[in-house]
Amino acid sequence: MIPRVVARNLGKKLRSHNAQRSLTFQDALISGWKNLGSSSHHWVLKDVSFEIGEGECLALVGKNGAGKSTLVRLLGGLLTPDEGRLTVIGRVAAVLDPMATFHEEQSGRENVQVAFAIAGLDTKTCAKQFERIVDFSELAHCIDNPVRTYSQGMQLRLALAVALHTGPEILLIDEALSFADDLFQEKCFRRIRQLKSEGCAAIIASHDLADIIPQANRALLLESGRVVAFDYSEIVRQKYSSLSTEVKSRSELIAAARKRS
Amino acid sequence: MPITELETPNAQYLKTGHLAGDPVLWRVTSVDPTRSWRQVFSLLALLVDRELTATYKRSVLGTAWALITPLLQLFVISFTFHSVLGTHIEGYASFTFLGLMVWNWFQSSLIDATGCVVKNHRLVNQPGLQREILPAVSISTQLIHFVMCLPLLLILMNYADGISVGPTIVWLPLLIVLQFLFTLGLSYPLAALNVRFRDTKHILGIVLNLGLFLTPVFYSAATFPQHWLFLECNPLTGLLASYRGVILYGQAPNFSSLALITALTFAGLPLGALMYKIRSMRFLEDL
């Protein structure tokens with residue numbers, strides 16, 4: 001199997017800046033060039049090792065602040081690790097911030113073109129995939145309207161549709177799927193399964209295990225930036241539920257609430 | 001494609017894991033297919049189009065502002081210097097208008113490019129985007145304004161000053177490319193610095209204000225017989241003289257006067273780009 005992502009002992013230090021840190025030359029001069037550095041730092045990620053190959057789907061799970069987003073940003077090349085080694089092989093498509101590549105004043109159509117160009121694809125590929133993207137995102141009625149008139153859900157659908165149709169070899173999704181409605185989520189997972197069969201590796205960060213675990217082959221459980229478990233997703237799910245009984249998945253909470261009422 | 005490329009730089013650490021003491025830049029190996037120049041240019045074109053849409057979408061006169069602004073500037077400056085102070089230069093209107101076009105392109109590019117990373121903080125959050133393209137987008141957008149003013153300049157030359165364009169105009173693209181690269185070399189460090197210190201942009205505004213007066217935009221460097229240091233050391237002096245020679249006076253550019261700006265470009269561009277590259281690893285933390 002061809003590896004897509006290989007991470008060895010990854011560590012990321014984030015400098016925590018206090019409010020007094022100088023953000024302008026004016027502040028810096030007044031404070032005598034003192035508050036320039038970071039007051040302290042802490043390791044957001046430490047000793048993270050895993051690998052994932054073609055046709056696999058990795059679920060990144062953990063509580064808020066466990067380091068999921070930082071890890072996804074490292075994989076996307078947006079941050080560099082302070083420790084360890086990272087190899088990423090293949091073209092990356094990502095939905096970290098749904099509005100990242102979109103401009104409010106431009107129409108959905110124009111924004112899709114820009115998103116394709118950022119992904120390194122030419123206008124021909126874009127034209128070929130365009131109908132499918134419109135179809136997938138269910139935005140046929142307003143694709144020529146400015147994106148600022150879209151609801152957040154529509155923006156999310158368009159962003160996901162673009163990412164899933166740029167022919168990615170590595171797909172990074174940070175929480176975005178958790179915000180989509182169930183039907184659209186299912187549609188995305190169907191498309192992801194198809195991409196996997198074409199050799200794509202998917203890495204999906206989520207705090208909601210119930211949604212993501214059944215779709216993933218493997219799962220990486222993070223707790224305060226350390227890997228608690230990296231294993232087949234079912235095994236990780238068992239560890240996770242034994243680790244924190246108070247944290248339940250969304251669907252479990254809803255079920256519990258229904259029972260009470 | 002993938003596995004063979006994996007062999008060379010990474011085979012060692014895939015086996016051994018962590019290697020201490022190596023530069024941060026080498027810790028990540030990305031075998032993302034590189035973008036061809038064509039892809040970079042098409043992205044540049046799309047982002048420039050986006051920038052123009054954003055600037056003019058909701059203004060009544062739209063792109064006409066690109067022409068109105070320098071014309072009003074020209075009016076103010078010719079009134080002050082030509083009518084009140086009595087500067088005597090042949091064909092003052094086209095002389096100053098060309099100077100203003102070049103200066104405005106330089107100044108607006110630099111100010112825009114300095115703020116480009118902060119302005120596009122969401123775009124910077126997207127994997128796959130070459131962040132090096134952002135300052136180039138600012139400069140290219142302003143280049144469109146420069147080019148839009150060219151017909152206006154020709155009209156001014158013809159009707160106000162009776163000058164016609166000679167064949168030396170073929171040198172114009174070379175000058176434009178040179179100014180583009182020179183501005184880009186300055187933009188990279190400024191854009192990176194502005195992410196860390198947000199008042200870089202304000203300081204730059206003041207410096208550029210001074211720069212306008214230290215550059216022969218509405219006066220001629222030739223009127224100063226003594227060699228003034230600020231004119232000699234100003235890379236734009238030679239560039240402006242070449243622009244004027246090429247368009248107004250039908251002279252081929254004087255390459256010795258372009259030597260300074262060329263040298264600065266060749267030294268500054270790689271250095272600035274490297275600094276931007278290194279600082280860009282920290283953009284997300286400082287934004």
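Which residues of S5(A) point one way, and which the other way? I looked this up first: Val92(A) and Ala94(A) point one way from S5(A), while Ala93(A) and Val95(A) point the other way. All are buried, where buried takes 20 or more other C-beta atoms within 10 Å of the residue's own, exposed 12 or fewer, and partly exposed lies in between, with C-beta atoms placed from the backbone. In a regular strand the side chains alternate between the two faces of the sheet.

Notes on the model. This is a predicted model, in which local features need pLDDT of at least 70 and side-chain atom pairs count only at pLDDT 80 or more, while totals for chains, interfaces and linings use all residues. Residues are numbered from 1 along each chain as its sequence is written, and chains are lettered from A and ligands numbered from 1 in the order in which they are written.

Sheet of chain A. I traced an open sheet of six strands in chain A, in the order S5-S6-S7-S3-S8-S9, with mixed pairing. Helices (H or I, at least four residues) and strands (E, at least two) are DSSP runs, numbered from the N terminus. Two strands pair if DSSP finds at least two bridges between them. S5 and S9 (226-232) of chain A stand at the edges with a single partner strand each, so one side of each has no neighbour in the sheet. Direction ignored, neighbouring strands are turned by 15 degrees against each other on average.

I then checked two pairings. S5(A) and S6(A) pair in the parallel sense over four bridges, and Val92(A) has Ile170(A) as its bridge partner in S6(A). S6(A) (residues 170-174) is joined to S7(A) (residues 201-206) by five bridges, and these strands also run parallel. Leu171(A) stands opposite Ala202(A) in S7(A).

Helices on the sheet. H2(A) (residues 68-75) lies across S3, S6, S7 and S8 of chain A, at about 155 degrees to S7(A). H7(A) (residues 182-197) lies across S3, S6 and S7 of chain A, at about 145 degrees to S7(A). Axes are lines fitted to C-alpha atoms, for helices over the stretch in contact, and angles run from 0 to 180 degrees between N-to-C directions.

Between the chains. The contact takes 44 residues from chain A and 40 residues from chain B; two residues are in contact if their C-beta atoms, placed from the backbone, lie within 7 Å. The elements of chain A that each supply at least two residues to this side include S1 (3-16), S4 (83-88) and H3 (108-118). I also found three bridges joining S4(A) to S1(B) (residues 28-30), and the two strands run parallel. Val88(A) has Ser30(B) as its bridge partner in S1(B).

Helix pair in chain B. H7(B) (residues 172-196) and H10(B) (residues 235-247) pack at an angle of about 160 degrees, with axes 10 Å apart. That makes H7(B) roughly antiparallel to H10(B) (under 35 degrees is roughly parallel, over 145 roughly antiparallel, 65 to 115 roughly perpendicular and the rest oblique). Among the contact residues are Leu172(B) and Phe182(B) of H7(B) and Leu239(B) and Tyr243(B) of H10(B).

One loop residue. Gln130(B) sits in the loop between H5 (116-119) and H6 (133-161) of chain B. Not counting residues up to four places away in sequence, Gln130(B) touches Arg35(B) and Val40(B).
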